[in-house]
Amino acid sequence: MSDTSVPPPDVQRRLDALAQYQIMDTAPDPEFDALAARASAACETPMAMVTLLDDRRQWFKSRVGTETTETPIEDAFCAHTIGEPDKVTVVNDAQGDDRFRSNPLVTGGPRIRFYAGAPIVTPQGVPIGAVCVIDQKPRYLPAAKRALLQTFAHEAVCMMEAARYRRALEAEQTALKDLRLSEAYFRHLTEYALDLISILDADGTIRFESRSIERELGHSPAHYRGRNAFEFVHADDIPVVMGAFQTALEQQGSTPVIRFRFLHADGSYRILEGTGNNLLNDPAVRGIVFNSRDVTERVRLQEEVNRGHVEKEDAIARMTGGVAHDFNNILTAVQGLAELTKQHVMAGSVEAGYLRDIQAATDRAARLTQQLLAFSRRVVLQPCAIDLASWLRALEPRLISGLGPDIELTIVSHGELRVYEDSTQFEQVILQLAANARESMPNGGRFTIEAQPLILGPEERPKDSRPGAVNYVQLSVTDQGTGMDESTLARIFEPFFTTKTAGHHPGLGLCMCRGIIEQSGGHLTVHSHPGRGTVFHLFLPAAEAIEDDLPPPSAALASGVATILFVDDEPLLREIGATILLEAGFHVTVAEDGFDALAGLADMGSARPDLLITDVVMPGMTGVQLAEEVARVSPDTRILLCSGYTRDALAQSGGLPEGMAFLPKPYSLAALLAKVGELLNLKVV
């Protein structure tokens with residue numbers, strides 16, 4: 001076991017002094033050898049040494065008359081000498097001195113009888129060794145020779161001090177040379193760098209600018225030196241730049257990359273991107289080095305790419321929305337004709353089975369058109385305030401059934417959270433994410449839905465007219481599935497993109513989800529890594545309170561049969577609608593567009609329809625415009641809007657006009673009659 005005890009203070013001071021001189025175990029030195037020879041000759045002794053003592057041994061820097069290079073410190077005569085640093089220690093006859101009689105150096109080689117040693121003492125008063133002379137016979141040392149030994153000891157200190165100063169001077173010269181080389185290297189790098197390199201003082205004053213600044217920003221480096229860098233930063237970007245600069249002052253290393261606008265000589269602002277590095281303590285720099293580059297053109301090109309992407313998506317959305325509109329009209333006709341035919345077919349017959357198959361096919365086609373509308377952000381939303389925890393609990397059985405027995409479902413809601421969403425469309429989003437999670441976890445796992453409140457500032461949410469921070473709810477949907485790589489993540493919101501194997505049909509699942517969330521005023525992000533699962537973050541506008549259920553219509557019809565004005569630009573839909581409503585006992589007036597409907601309304605004189613049923617998208621006048629005009633001239637007329645595509649009306653305002661009901665296409669005849677009965681406060685069969 002090694003001795004880890006701390007040396008006594010006097011020993012530690014001696015060790016520190018020896019470390020400063022860097023002399024222990026060094027090579028022979030002619031000056032010290034000459035000093036030992038002079039001491040031997042002056043004192044007329046056969047042996048002389050210049051000794052140094054650490055905490056365990058006495059080492060001979062130079063010696064005359066012996067080949068020994070060191071002895072243990074406990075045997076060293078010089079250990080007694082440094083104990084009395086103010087005088088020369090003289091032992092006339094060691095055999096007659098109780099301190100040394102049994103010393104191995106007396107009883108054995110070199111059989112010392114006479115010893116005289118002058119302590120070597122540093123300018124700080126620390127004894128570190130001795131200049132000594134030795135003889136193998138007793139003798140006497142006169143006072144003059146003792147004084148001479150002290151002179152030799154002082155000379156030894158002077159030689160060690162001179163060597164120390166030489167080393168310090170050489171180190172300083174080397175450091176100065178290195179500094180000059182470093183400065184030259186740094187100057188070369190900065191002067192000819194393509195990037196902009198600035199050196200700022202701690203208060204932001206520009207001390208250096210690379211030559212590249214003239215090429216990029218129009219002014220020579222001299223224009224900037226001595227001025228504060230923040231003079232040239234765009235006012236809106238000063239908080240960002242100031243924050244990065246403060247970070248650089250407070251910590252070592254590079255700051256995060258920031259992007260800001262900087263004044264050009266022509267008066268415009270260029271977009272710079274850069275990072276700072278604190279080199280205030282580097283003697284070659286002594287400043288904050290900021291490395292930046294002009295990314296104005298790159299930003300412009302990226303904006304063009306993004307704009308092109310948005311325009312492409314919008315073109316696809318318009319196309320899919322238009323297709324969905326026409327397709328919904330066709331489906332409504334097919335579905336209506338099938339239901340009318342079913343009334344004249346015997347139940348259980350082959351024909352009834354065919355009609356059921358037609359109904360199933362139209363239902364499937366209707367779901368596809370709904371996805372197309374969601375992708376194109378043309379769904380007619382009927383949002384309301386939803387208590388998220390209760391809503392998720394109600395959806396839980398369907399989620400469990402869809403996920404299967406091998407996937408564990410966890411739902412967590414932090415607090416009473418309310419969101420403003422269309423319940424039906426929002427349900428489709430959650431079920432679609434659950435279906436994706438099931439496919440990514442073929443061997444089971446966990447599917448987690450977690451909701452928590454969140455406040456988003458203007459820069460953190462989609463652009464809108466609301467000032468300041470806005471309350472949101474963050475819904476995190478996480479699975480433990482296979483995850484996705486970066487190339488897959490870049491395409492998951494593309495229509496009909498799929499990672500499924502051959503034989504599976506691609507769909508509009510995730511682009512539908514994004515369309516619904518964004519049309520509702522929220523946004524959606526996704527994070528995923530291969531083998532580590534996927535998490536979707538849905539940021540949903542928060543609702544302040546749960547809305548009360550709407551009251552039923554104020555009163556039933558006073559008397560007689562209700563009159564309905566049915567407006568649609570599709571002849572087949574007008575025929576089917578009129579047929580089913582007439583069979584249900586209503587008076588029905590049909591019109592092919594808004595102008596035709598207003599003309600028919602004028603022909604009715606003082607009579608007014610009890611209910612207006614109108615398509616939304618029609619040539620010349622939209623259904624919303626027609627409804628507003630009817631509401632003006634006939635306030636008691638209830639209004640039902642029908643559409644499967646709303647580019648020109650409902651989607652622009654984000655929802656239904658106040659006081660109007662909505663029935664999405666394609667609709668079944670039963671759904672039409674139920675909605676009519678609801679609005680007229682009648683039971684329709």
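This is a predicted model: local features need pLDDT of at least 70, side-chain atom pairs count only at pLDDT 80 or more; totals for chains, interfaces and linings use all residues.

1. Now for the overall make-up. The chain has 685 residues, and 44% of them are buried. Its secondary structure comes to 19 helices and 23 strands. Taking the contacts between residues at least 6 apart in sequence, 63% join residues at least 24 apart.

2. One surface feature to look at is a nonpolar patch made of Ile330, Val334 and Ile358. Together these residues have about 220 Å² of accessible area. Ile358 sits in helix α10 (residues 350-375), and its relative accessibility of 34% makes it partly exposed.

3. On to the rings. A pair of aromatic rings is described by the distance of the centres and the angle of the planes. Searching the whole structure gives nine aromatic pairs. One of them, Phe77 with Phe100, is stacked, with 4.2 Å centre to centre and 10 degrees between the planes. Phe77 belongs to the loop between β3 (70-72) and α3 (78-83), while Phe100 belongs to the loop between β4 (89-91) and α4 (104-107), so this pair ties together parts that are 23 residues apart in sequence. Phe77 and Phe100 are both buried.

4. Trp391 and Phe426 also form a stacked pair, at 4.7 Å centre to centre and with 20 degrees between the planes. Here the partners come from two helices, Trp391 from α11 (residues 388-403) and Phe426 from α12 (residues 423-440), so the pair ties together parts that are 35 residues apart in sequence. Trp391 and Phe426 are both buried.

5. Ring pairs also build a cluster, which links Tyr224, Phe232, Phe260, Phe262 and Phe290. Two arginines lie over ring faces as well: Arg139 over Phe114, at 5.7 Å from the ring centre, and Arg164 over Tyr165, at 5.0 Å from the ring centre.

6. Next, the charged pairs. Side chains of opposite charge can pair when their charged atoms come close. The structure holds 27 salt bridges. Among them is Arg293 with Asp195, whose closest N and O atoms are 2.9 Å apart. Arg293 is in strand β11 (residues 287-294) and Asp195 in the loop between α5 (143-191) and β7 (196-200), so this bridge ties together parts that are 98 residues apart in sequence. Arg293 is partly exposed, at 44% relative accessible area, whereas Asp195 is buried, at 18%.

7. Another salt bridge joins Arg298 and Glu273, with 2.8 Å between the closest N and O atoms. It links distant parts of the chain, as Arg298 is in helix α9 (residues 296-342) and Glu273 in strand β10 (residues 269-279), 25 residues apart. Arg298 is partly exposed, with a relative accessible area of 43%.

8. Arg270 and Asp266 meet in a salt bridge too, at 3.7 Å from N to O. Arg270 is partly exposed at 23% relative accessibility, whereas Asp266 is exposed at 51%.

Definitions and conventions. Residues are numbered from 1 along each chain as its sequence is written. Side-chain values use heavy atoms; hydrogens and water are left out. Rings of Phe, Tyr and Trp (its six-membered ring) pair if their centres lie within 6.5 Å; planes under 30 degrees apart count as stacked, over 60 as edge-to-face and the rest as tilted. Helices (H or I, at least four residues) and strands (E, at least two) are DSSP runs, numbered from the N terminus. Buried means under 20% relative accessible area, exposed over 50%, partly exposed in between (1.4 Å probe, protein chains only). A charge sits over a ring if NZ of Lys or CZ of Arg is within 6 Å of the ring centre and within 35 degrees of the ring normal. Contact means heavy atoms within 4.5 Å. Patches are made of residues with over 30% relative accessible area and no salt bridge: like charges are joined within 9 Å, nonpolar side chains (Val, Leu, Ile, Met, Phe, Trp, Tyr) within 5 Å. Accessible areas come from the Shrake-Rupley method with a 1.4 Å probe; for residues, only the protein chains shown count as cover. A salt bridge is a side-chain nitrogen of Lys or Arg within 4 Å of a carboxyl oxygen of Asp or Glu.
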